[in-house]
Amino acid sequence: MRKILGLAMALLVGSAGTGSAQGVYYQGHTNHNGTYVQPHYQSAPDHNYNNNWGVSPNANPHTGQMGTHQPTYNGQPPNPYGYR
């Protein structure tokens, strides 16, 4: 029984680590304004701005492109309006 439980835990831990690196796949679709969006991957949503592939020093594992946005101290997106 311990062997089965240990194997199940190892599989869960292993799959959790690979799922976040792969991201979420979005199929191609047409927006309401008629613009076609090609199929693509996005980083898995976790409500932490700094974990996005576009934030430095992260990189997109599918393209190898490094993030260019500055990380924030609190993990929240920067305020585009400049006030709190």
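Which residues does N50 touch, not counting residues up to four places away in sequence? In this predicted model, N50 touches V55, N58, P71, T72 and G75. A contact means heavy atoms within 4.5 Å. N50 is found in the segment after β4.

Residues are numbered from 1 along each chain as its sequence is written. Because the model is predicted, local features need pLDDT of at least 70 and side-chain atom pairs count only at pLDDT 80 or more, while totals for chains, interfaces and linings use all residues; side-chain values use heavy atoms, with hydrogens and water left out.

The pLDDT score is the predictor's confidence in each residue, from 0 to 100. Its mean over the chain is 79. A value of 70 or more is reached by 71% of the residues. Over residues 2-19, pLDDT stays under 50. For that stretch the model has zero contacts beyond four places in sequence.

One helix and four strands make up the elements of the chain. Their order from the N terminus is α-β-β-β-β. Both kinds of element are DSSP runs numbered from the N terminus: helices are H or I with at least four residues, strands are E with at least two. Among contacts with a separation of 6 or more, 17% join residues 24 or more positions apart.

The chain has 84 residues, of which 11% are buried. Buried means under 20% relative accessible area, exposed means over 50%, and partly exposed lies in between (1.4 Å probe, protein chains only). The chain exposes about 7100 Å². Carbon and sulfur atoms supply 58% of this area. Accessible areas come from the Shrake-Rupley method with a 1.4 Å probe; for residues, only the protein chains shown count as cover.

S43 is placed in the segment after β4 (40-42). S43 counts as buried because its relative accessibility is 15%. Beyond four places in sequence, S43 touches G23, N51, N52 and W53. The side chains of S43 and N52 make a polar contact at 3.2 Å. Such a contact is a pair of N or O atoms within 3.5 Å; within protein, one must be able to donate a hydrogen and the other to accept it, and residues adjacent in sequence count only if both atoms are side-chain atoms.

N60 also lies in the segment after β4. With 17% relative accessibility, N60 counts as buried. N60 touches W53 and Q65, leaving aside residues up to four places away in sequence.
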